[in-house]
Amino acid sequence: MEKVESVCEENVFNGVYKTHAKALYNFMYYKCGDVSKAEDFVQESYIKLWNNCSKVVFEKAKSYLFTCANNLFLNHVAHKKIVLRHQKAGAKHHTNENPEFLLEEKEFMAKLQQTISELPEDQRTIFLLNRIDKKKYREIAEIQGIAMKTVEKKMSLALKYLEKNLDTIHKV
Amino acid sequence: METNYNNELFTRWLNEELSPDELREFEKSPKFSLYQKIAQKSSELDTPEFNEDKVFKQIKTQLSAQQKPTKVKKLFPKFIFSAAASIVVLLGVFFFLNRSTNYSTSYGEQLAITLPDNSEVILNANSTLSYKTQNWKKNRILDLNGEAYFKVEKGSDFVVESTIGTVSVLGTQFNVNTKGTTFEIKCFEGKVKVKTDNHSRILTKGKAFRQLKDTTAEDFNIQEILPSWTQGESNFNSAPLNQVIIALEHQYNIKIDASKIAITQRFTGSFTHKNLNVALQTVFVPLRINPSQVDTKNIVLVKQ
């Protein structure tokens with residue numbers, strides 16, 4: 001018989017932290033755009049998980065954490081105007097880099113970031129979970145506790161908004 | 001319409017769920033390069049560094065901080081208090097059921113007591129009497145230390161216990177004297193059963209029994225109808241002198257030093273409870289003993 005893992009056991013709890021902390025942190029960051037707030041939410045969610053470890057089965061720990069963090073976020077900063085400051089990352093793929101191209105790229109990136117910041121909180125979170133964390137819509141729906149159709153709908157709206165705003169700056 | 005369709009393809013493309021046909025179609029759309037750029041550039045975005053270890057440490061410190069109070073062990077677990085309470089209640093009930101009534105008299109005092117069954121007791125000087133109130137009707141047992149006169153109502157066995165022996169009766173009047181080493185029973189009415197370690201007697205009206213220090217037993221007759229001490233004087237019938245001396249001591253709260261005289265003498269007669277000097281004279285002059293008063297409390301007996 002397979003051993004039932006209990007979140008109350010310290011090594012299991014530590015494992016849950018290792019597996020989900022970063023994703024949870026990103027999720028919170030997309031939502032609130034505040035590094036220290038996101039850290040706080042992660043911390044509080046894990047403390048809540050530990051305190052309720054007997055009531056949360058191991059398989060549900062992840063969704064418990066995300067729901068918990070989401071609730072914390074809603075309680076604290078639901079209506080705060082936020083600005084995301086994304087660091088540019090990723091290797092440079094292009095070999096044909098001339099100054100003009102680089103400038104265009106830079107401009108596009110700036111506009112992209114600004115547009116993402118302008119998105120409503122739910123759309124932005126879904127978009128970034130998909131793009132940065134490479135999460136499928138089903139997984140996002142699960143994390144957010146909403147229907148997959150809703151995720152698709154919100155993603156579609158986000159993409160529409162991005163398309164509209166970035167069309168002008170995009171040069172073929 | 002076109003835009004909406006492309007938007008739908010775009011949405012599904014990002015979820016990697018387009019069929020090969022749909023993918024080809026999507027790639028042909030005029031804005032494909034924009035879509036591609038949005039998709040690629042947005043995935044290049046990065047989130048701020050997440051300090052995993054730092055947050056983990058914070059979680060741990062906060063957890064240990066909140067755990068401490070729960071780890072406090074109570075010095076006395078809660079059940080101890082309930083156990084203590086029940087013990088108190090049990091003891092209370094025990095003592096309530098077992099409580100006994102005590103009577104005692106001091107030097108020269110007498111006390112008339114009516115027992116729950118209307119039996120009467122008159123307690124002579126410097127004596128104590130106790131009995132258990134609980135179930136008195138069925139269990140008439142008294143502890144006596146000293147001298148007392150009993151007028152017993154009919155009923156169950158009436159038992160007087162003393163350190164020397166027990167007296168049990170069946171409705172009668174009798175006197176028990178257990179002062180010092182003396183154990184003297186006088187029966188004034190009915191029948192009395194006397195039992196000591198060495199002797200056993202059934203006394204009828206007018207009979208008396210006495211056990212002395214050396215456990216020798218004496219049987220004698222009495223003429224009185226009531227013990228004389230209840231009438232203001234103490235009566236003795238060929239009693240050992242030390243019994244008389246103890247009676248005097250208890251009656252008048254004095255100490256009598258009899259070391260200089262022969263204590264083996266017997267005394268028949270009585271002494272009054274009203275006047276110490278008269279009492280001393282009546283007891284000792286006939287025996288040719290001179291009671292000389294050292295002070296108010298001490299008397300030395302000297303041979304004349």
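How many residues does the contact take from chain B and from chain A? The contact takes 27 residues from chain B and 37 from chain A, two residues being in contact if their C-beta atoms, placed from the backbone, lie within 7 Å.

1. Basis of the note. This is a predicted model, in which local features need pLDDT of at least 70, side-chain atom pairs count only at pLDDT 80 or more, and totals for chains, interfaces and linings use all residues. Residues are numbered from 1 along each chain as its sequence is written, while chains are lettered from A and ligands numbered from 1 in the order in which they are written.

2. The side of chain B that touches chain A. At least two residues of this side are supplied by each of α1 (2-14), α3 (32-44), β1 (45-46) and α4 (52-71) of chain B. The most comes from α3(B), with 8 residues. By class, the side of chain B that touches chain A holds 11 nonpolar, 9 polar and 7 charged residues. Here Ala, Val, Leu, Ile, Met, Phe, Trp, Tyr, Cys and Pro count as nonpolar, Asp, Glu, Lys and Arg as charged, and the others, Gly among them, as polar.

3. Overall make-up of chain B. Chain B has 7 helices and 20 strands; helices (H or I, at least four residues) and strands (E, at least two) are DSSP runs, numbered from the N terminus. Of its 304 residues, 30% are buried. A residue is buried if 20 or more other C-beta atoms lie within 10 Å of its own, exposed if 12 or fewer, and partly exposed in between, with C-beta atoms placed from the backbone. Among the contacts in chain B with a separation of 6 or more, 39% involve residues 24 or more positions apart.

4. The antiparallel sheet. An open sheet of 7 strands in chain B has the order β3-β4-β7-β10-β11-β14-β15, with antiparallel pairing; two strands pair if DSSP finds at least two bridges between them. Its edge strands, each pairing on one side only, are β3 (111-114) and β15 (217-221) of chain B. The twist averages 15 degrees from one strand to the next, with axes as lines fitted to C-alpha atoms, for helices over the stretch in contact, and angles running from 0 to 180 degrees between N-to-C directions. Within this sheet, 5 bridges join β7 (147-151) to β10 (173-177) of chain B, and Glu147(B) has Asn177(B) as its bridge partner.

5. The mixed sheet. Another open sheet of 7 strands in chain B runs β2-β5-β6-β8-β9-β12-β13, with mixed pairing. Here β2 (100-104) and β13 (200-203) of chain B are the edge strands, and the twist averages 20 degrees from one strand to the next. The antiparallel pairing of β2(B) with β5(B) extends over 5 bridges; Tyr103(B) is partnered by Leu129(B).

6. Pairing around β20(B). Strand β20 (298-303) of chain B runs parallel to β17(B), joined by 3 bridges, and Asp257(B) stands opposite Val300(B).

7. Backbone points to check. Most residues other than glycine have a negative phi. Asn126(B), in the loop between β4 (120-123) and β5 (128-132) of chain B, has a positive phi of about 55 degrees. Asn126(B) is buried because 21 other C-beta atoms lie within 10 Å. Asn253(B) also has a positive phi of about 55 degrees and is found in the loop between α6 (241-252) and β17 (255-257) of chain B. With 16 C-beta neighbours inside 10 Å, Asn253(B) counts as partly exposed.
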